Amino acid sequence: MTSAGFTDIALTDIAEPVYYGPDSAAAYGNLLRLTGFTAFLAGLESAKAEQARARLREVLSDHQTESGVCFDSRAWLITARRRL
């Protein structure tokens, strides 16, 4: 970023859970609304697609908490100033 003309560069690590729904059934429905999931499943033969759906339901059930279905998530927030 320095060579691109930025200064005062700071990285902040952010770790927050991602909420997919109040229960695994709702989370499953929410995920199937995402283009990536539907495109992936559409590209599979019928039996493989059903296996993937069943595994997704299992994983969502495994992540059920008192607060709903949550997965760990991490990101970096990068801030900087453009040199004038």
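The buried residues of helix H3 (residues 46-62) are Ala49, Leu56 and Leu60, where buried means under 20% relative accessible area and exposed over 50%, with a 1.4 Å probe and protein chains only. They cover an arc of only 30° around the axis, which puts them on the same side of H3; the arc is taken from the directions from the helix axis to the C-beta atoms. The face turned away from that buried side carries exposed Gln51 and Asp62. Helices here are DSSP runs (H or I) of at least four residues and strands (E) of at least two, numbered from the N terminus.

This is a predicted model, with local features needing pLDDT of at least 70 and side-chain atom pairs pLDDT 80 or more, while totals for chains, interfaces and linings use all residues. Residues are numbered from 1 along each chain as its sequence is written, and side-chain values use heavy atoms, leaving out hydrogens and water.

So what covers the buried residues of H3? The cover includes H1, H2, E3 and E4, going by contact (heavy atoms within 4.5 Å). On the H2 side, Phe37, Phe40 and Leu41 meet Ala49, Ala52, Arg53 and Leu56 of H3. The residues of this contact split into 6 nonpolar, no polar and 1 charged, with Ala, Val, Leu, Ile, Met, Phe, Trp, Tyr, Cys and Pro counted as nonpolar, Asp, Glu, Lys and Arg as charged, and the others, Gly among them, as polar.

As for the strands, an open sheet of 3 runs in the order E2-E4-E3 with antiparallel pairing, a pair needing at least two DSSP bridges. Between E3 and E4 (residues 68-71) there are 2 bridges, and Thr65 sits opposite Gly68 in E4.
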